[in-house]
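Visitor: I would like to learn how to read a protein model. Please take me through it one feature at a time.

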Amino acid sequence: QRALAQVVDFSCLAPRRCLFARRAAAMAPPKLAGRNPSCRRSRRRSLLVTCGCALPVGVAACAHAWGVAYSAWSSHARRLAAGSTPLNRRRSPAVGVGAGRNSYDEESVNEFLRSEEFDFLSLRSFRREAVIQYVNTNQSEPLRILLCFVLAIGGAILPFFLPSVGSPIVVGPAVYVASALVCAVGTALFLMERGKRTAQLARLESEYALGDLRVELSDPATGLDRRERLRELRTKRRVVLLFGSELQLQEALSAAAPYRRRFVQSQTILVPVPLGGDQDDAQRACEAALGSRSEVRNARKWLASAVSPGSWCAYLDKLLEDRELEDSRSVWVALNYRGRVLGSNFGCPIWDELFAALPPTNGLLSTEPGQADASGAAAEVLAAQAEFYRALLSGDEVAMQRLFLPVDDPELSFNMQVGENGRDTNLSAWDVVLAERNRPELVIAGQDVTVRNGGSATTTCIEHPVLGPTLLATQVWELSTPTALSEGSDRAVPLWKLKSHRTIPYAPKVEARVALRCDHRGCICFGKQFNAMR
């Protein structure tokens, strides 16, 4: 602003410059006292140089003023969205009909945030809440884009401001090449930064547009079903969306059923959305995955249904319109408390890794009881789980080998590394894991079991180690034929055999970076596949 003021006040020096020019002309020889075309060109070039110097300063000053005004407007919009403007804070509460209402009711605020605003840099319109979110998190990026634009313009007009007569600097090919190079670099940087900004705004708009869709869920206090928009669940619930056909939804829901208690602990709801737009497909998938209609009603604490699945499918089609993908692929999307996407991918989620990114809001108790209504096969699987932890904590290698099926886990095999000598490996065998100096010291709580048709089961529990955060453990079991008592042992070989054991950190304010995977060969600790903590 001071530089701009100096440029504006430069006109007050014009009379002195004219007086100095007349004196110089009077003292000059007679042959130079007349009109000289080169002097007129020099004056014009001086004027162009002055304007060229003032142009970037004026653009920067205007950008600064625009940034200050936009920041003030965005802060006012945030206060408006929160309902805490200075006017509302000073206004005394109303009495009578309509008491407690202020001038900025919730519907008008949502309408204001959903309205579109034209963005000059992107040359397109975005939702106002997306623009506000972008301004709040990227305050320096618009200035960087403006500087790249000024660099490009300065490189384009540089040769026109250099004097060509009576100056040691000669405007030649080298100057034009340097000017073109500066202009090209500035233009490339401007387009790159502008493209990043437009892509980020488009992503934010797609995330906030998801908040307009509606779900039907059960009220935990009354048990009654109610319909809400996803934006109304912000700061209250996390959401995991499953898009797929009936068979794909059934597969994903079957894998999610063992974590039903973790959904409640993480305050997360699961919303299956049929790609065909028929809500009956989602209902049949839920009943097939959970076993019966009564089990679906019991799962209403964490299982919701999509209202108007056609609008959900239209949103997904718009989201994937730029990607050449098969329509038969399933998609999952996870939202955090702010309604922002923290992860998405194709296929079925890796549920334990997803819950590591959706940790519980409160600490978990080591006295949390296990599943109380287990009977029959479920009780047998829980007994096999208890035997596994007995062998793990006591270092019983023989019992551990009897528990496991001699089947290699594909994920563990993929991450196993063997050195050139054939001996060095990242796999820790069970004799090393169960050694006295290595075996863990922990308490398990919150045991759950899910038995499926076909002789398979999945158990989950929370491990409370002496040191470190709590862990979410998952075991996959398979039914085998019973065998007789082993020689020299008083314990019968269990009917249920363990295929794999996996753990991952699951605690408030803890970011899981590694996961543990075990099979009959031993255990490997490696980086988790899902990495979307936000």
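Visitor: Is Cys 461 buried or exposed?

Guide: First, a note on what is shown. This is a predicted model, in which local features need pLDDT of at least 70 and side-chain atom pairs count only at pLDDT 80 or more, while totals for chains, interfaces and linings use all residues. Residues are numbered from 1 along each chain as its sequence is written, and side-chain values use heavy atoms, with hydrogens and water left out. Now the term: buried means under 20% relative accessible area, exposed means over 50%, and partly exposed is in between (1.4 Å probe, protein chains only). Cys 461 has 0% relative accessibility, so Cys 461 counts as buried. Cys 183, at 22%, is partly exposed. Of the 534 residues of the chain, 39% are buried.

Visitor: Which cysteines form a disulfide?

Guide: A disulfide is a pair of cysteine sulfur atoms within 2.5 Å. By this rule there is one disulfide. Cys 518 and Cys 523 form it, with sulfur atoms 2.1 Å apart. The torsion about their S-S bond is about 110 degrees, so the disulfide is right-handed. Cys 518 is buried at 2% relative accessible area, and Cys 523 is buried at 7%.

Visitor: How many helices and strands does the chain have?

Guide: Helices (H or I, at least four residues) and strands (E, at least two) are DSSP runs, numbered from the N terminus. The chain has 19 helices and 16 strands.

Visitor: Which residues of helix α14 are buried?

Guide: The general idea comes from the helix repeat. An α-helix has 3.6 residues a turn, so residues three or four places apart point the same way. In α14 (residues 309–319), the buried residues are Pro 309, Trp 312, Cys 313, Tyr 315 and Leu 316. Seen down the axis of α14, they fall within an arc of 155 degrees (taken from the directions from the helix axis to the C-beta atoms), so they line one face of the helix. The face turned away from that buried side carries the exposed residues Asp 317 and Lys 318.

Visitor: Which residues touch the most other members of the largest nonpolar core?

Guide: A nonpolar core is a set of buried Ala, Val, Leu, Ile, Met, Phe, Trp, Tyr and Cys residues joined through side-chain atoms within 4.5 Å. The largest one has 35 residues, and Leu 242, Leu 253, Phe 263, Leu 270, Leu 303 and Trp 351 touch the most other members. The elements that give two or more residues to this core are β5 (238–244), α10 (246–256), α12 (279–290), β8 (331–335) and α15 (351–357). A second, separate core of 25 residues includes Leu 434, Trp 496, Leu 498 and Cys 523.

Visitor: How many salt bridges does the structure hold?

Guide: Side chains of opposite charge can pair when their charged atoms come close. A salt bridge is a side-chain nitrogen of Lys or Arg within 4 Å of a carboxyl oxygen of Asp or Glu. The structure holds 22 salt bridges.

Visitor: Where in the chain do Arg 127 and Asp 212 lie?

Guide: Arg 127 forms a salt bridge with Asp 212, and their closest N and O atoms are 3.0 Å apart. This pair links distant parts of the chain: Arg 127 is in strand β2 (residues 124–127) and Asp 212 is in the loop between α9 (173–209) and β3 (214–218), 85 residues apart. Arg 127 is buried at 8% relative accessibility, whereas Asp 212 is partly exposed at 23%.
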